[in-house]
Amino acid sequence: MVKMEIINESEEKISILLKETDRAFVNALRRSLMSDTPKMAIETVRFQMGTFDVCLSCGHRNGAAIAREASGGSGCGNCGKKLDKEGVDYTVWETNGPLPDEMIAQRLAMVPIPTNHEEYHFEASCPTCKDLVPEDRGCMTCNMIYTCTAYGSKEGSTVTAGDMVFLGAQSLEITEHYRTIPITKLYKGQMLEFIAIAVMGVGSEHAKWSPVCGVTFVPRSVAIINNKVRARVLFRLKLGITARDFDKKGRLEDIDKVKTLITELHHVGDGTEEKVEFKDAITIEEIPGEFIFSFETDGSMAPQTALKKAAASLSMSFGSLEEDLAAVL
Ligand SMILES: [Zn+2]
Ligand SMILES: [Zn+2]
């Protein structure tokens, strides 16, 4: 049974010490995190298209030209004010901007959508819609709907991920940290309006459904003093690690300190004058079966959640493998 110890953890990053395992297992966990961990991401975007006359008295959006006096319109559809002069009575807004819709949709897909695995399901296994044909699927427990209406300005206004409004619990709005992700920039007369739908998916289908980045693992190592006298060559340089960091047997096991020591050993390593005297007074040795596993999430879920979901999907694939083998053998 693999043992896990959390070395350090923050909102988005985690480092774990894995014991009594091997490279193949740790790598399987790594791949499962990247490609088999369920996550919500925007899959469909419906853009509003058209030109509008916005009434400057009440802010009501009238269809293009129909309410204008020049075209025989009876005025603003909401307050009835005559729309005579552009810039005085009304302003014209068109749903176009510097970026094509496809590009905006692609950018939206990369925004980390807060993922709640208890509340949302895959469309295909959603309790309400799993029996429907794929085109008809989509309900409150498998789709997350975001809306956005943004107007440009003379100086240019940046539309960001935070301009999207989630139709539902406030806890699932785009998180504070990611609200500044720029989507596009709009100038005077340009507007953007869309409805975006996020669904659950996995990274093997598309990178937008991969909740992690920088998933790495290294063997856990310890430092050993082989020769106390020659080791002083390093300690004399007064870097971070001192002789006191080692225990009585001349071993250093602290993970962070070993990491620091590895970089400091370059001062007495290849290409330095000190190497001649230092030789290999301190060596780094790997501990068999122990690995330091670390990764970062994209902000859609906590690192521990991602790890649990990855482990669950890994054990599920092995479970089905067992069934397959039982059927064949
Ligand atoms: Zn009006
Ligand atoms: Zn559903």
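Modeller: A residue counts as buried under 20% relative accessible area, as exposed over 50%, and as partly exposed in between, with a 1.4 Å probe and only protein chains considered. In this predicted model, local features need pLDDT of at least 70 and side-chain atom pairs count only at pLDDT 80 or more, while totals for chains, interfaces and linings use all residues. Residues are numbered from 1 along each chain as its sequence is written, chains are lettered from A and ligands numbered from 1 in the order in which they are written, and side-chain values use heavy atoms, with hydrogens and water left out.

Colleague: Is Lys-249 buried or exposed, and where does Lys-249 lie?

Modeller: Lys-249 counts as exposed, because its relative accessibility is 74%. It belongs to the loop between helix H3 (228-235) and strand E13 (251-252). Helices (H or I, at least four residues) and strands (E, at least two) are DSSP runs, numbered from the N terminus.

Colleague: How many helices and strands does the protein have, and what is its radius of gyration?

Modeller: There are six helices and 14 strands. The radius of gyration is 29 Å, well over the 20 Å that the globule rule gives for 329 residues, so the protein is more spread out than a compact globule. That radius is taken over C-alpha atoms, and the rule is 2.2 Å times the number of residues to the power 0.38. Along the principal axes, the C-alpha trace spans about 100 × 60 × 30 Å. Of the 329 residues, 40% count as buried.

Colleague: Which domains does the domain assignment give?

Modeller: Such bounds come from an automatic or database domain assignment. Here the assignment gives domain 1 (3-37 + 213-296) and domain 2 (39-49 + 95-209). Their C-alpha centres lie 42 Å apart. Five residues from domain 1 and eight residues from domain 2 take part in the contact, where contact means heavy atoms within 4.5 Å.

Colleague: What do the contacts show about separation in sequence?

Modeller: Among contacts between residues at least 6 apart in sequence, 70% join residues at least 24 apart.

Colleague: Which residues does Cys-55 touch?

Modeller: Not counting residues up to four places away in sequence, Cys-55 touches His-60, Asn-62, Cys-76, Cys-79, Leu-83 and Asp-89. Cys-55 lies in strand E4 (residues 51-55) and is buried, because its relative accessible area is 1%. The C-alpha atoms of Cys-55 and Val-92 are 9.2 Å apart, for a separation of 37 residues in sequence.

Colleague: What are the contacts of Ser-74?

Modeller: With the residues up to four places away in sequence left out, Ser-74 touches Ala-67 and Gly-80. Ser-74 is exposed, at a relative accessible area of 69%, and sits in the loop between strand E5 (61-63) and strand E6 (90-94).

Colleague: Which residue other than glycine has a positive phi?

Modeller: Most residues other than glycine have a negative phi. Glu-20 has a positive value, near 55 degrees, and lies in the loop between strand E2 (13-19) and helix H1 (23-35). Lys-279, not a glycine, has a positive phi of about 50 degrees. Lys-279 is in the loop between helix H5 (275-278) and strand E14 (282-297), and counts as exposed at 51% relative accessibility.

Colleague: How far apart are the mean positions of the positive and negative charges?

Modeller: The mean positions of the 37 positive and 47 negative charges are 7 Å apart. Lys and Arg count as positive and Asp and Glu as negative, whereas His and the chain ends are not counted; each charge is placed at NZ of Lys, CZ of Arg, CG of Asp or CD of Glu.
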